[in-house]
Amino acid sequence: MSDKRSFIRNFWKERKMVGAMAPSSKYLAKKMLQKIDFSTAKVIVELGPGTGVFTRKILQKLSPDGILLVFELNDSFMKQLKKEFKDPRVILIHDSAEKIGEYLEKHGLSEADAVVSSLPLANFPSELKNRILKESHRVMHPNALYVQFQYSLNAKKHIKQFYKHVEIAFTPANFPPAFIYYCKK
């Protein structure tokens, strides 16, 4: 099944988990990853990859000794990801983003160099949103980058509670157009 058809089907089926009717564009993917220093980023965590648009781009840039932990709760998307991503650098995790620290520890990793999130925070209750943001912040080393995209600025207040430095960019070259948050501790 194509990425686009899969997204549409999952959007209508699971509106709380899937925030869009179409996969992210290559323009959004480029903008999401542009501030990650892949020469030093060895441990990257991806939250809510959907059909793997960002996952593919991360793997193109990730060093041979890098690790990518990918958290996806949607059964259909996880099935697709398992079929496509056989790369030994990828650890696919069918569990909640709230458990980042648990899985880093399980795989002998102490901190993340970057967290890339496509989670539809606007669809989540405040408590869940806060737990995910808090755990993402907790597992990042001091100079790590948290990158999040959203279709509105309504998550800005929540994100700024956890990150001192928040830069916001915008790309109209996505459906729908998206805001990108680049955050540091």
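**Strands, helices and what counts as buried**

Q: Which strands does helix 6 (residues 126-139) lie across?
A: Helix 6 lies across strand 1 (43-47), strand 4 and strand 5, and runs at about 145 degrees to strand 5. That angle is taken between N-to-C directions on a scale from 0 to 180 degrees, with axes fitted to C-alpha atoms, for helices over the stretch in contact.
A: A word on the source: this is a predicted model, where local features need pLDDT of at least 70 and side-chain atom pairs count only at pLDDT 80 or more, while totals for chains, interfaces and linings use all residues. Residues are numbered from 1 along each chain as its sequence is written, and side-chain values use heavy atoms, with hydrogens and water left out.

Q: How many helices and strands does the secondary structure of the protein chain come to?
A: Seven helices and seven strands, going by DSSP runs (helices: H or I, at least four residues; strands: E, at least two) numbered from the N terminus.

Q: What makes strand 3 (90-93) and strand 6 (165-171) the edges?
A: The open sheet runs 3-2-1-4-5-7-6, with mixed pairing. Strand 3 and strand 6 each have a single partner strand, so one side of each has no neighbour in the sheet.

Q: How do you know that strand 2 (residues 67-71) and strand 3 are joined?
A: Pairing takes at least two DSSP bridges between two strands. Strand 2 and strand 3 have four and run parallel, with L69 bridged to I91 of strand 3. A hairpin through six residues joins strand 6 to strand 7.

Q: Why does T55 count as buried?
A: Buried means under 20% relative accessible area (exposed is over 50%, partly exposed in between; 1.4 Å probe, protein chains only). T55 comes in at 0%, so it counts as buried. It sits in helix 3 (residues 53-61).

Q: What is T55 in contact with, leaving aside its neighbours within four places in sequence?
A: E46, P49, L68, V70 and F85, where contact means heavy atoms within 4.5 Å.

Q: Which residues of helix 4 (residues 75-84) are buried?
A: S76, F77, M78, Q80 and L81 are the buried ones in helix 4. Across the 185 residues of the protein chain, 54% count as buried.
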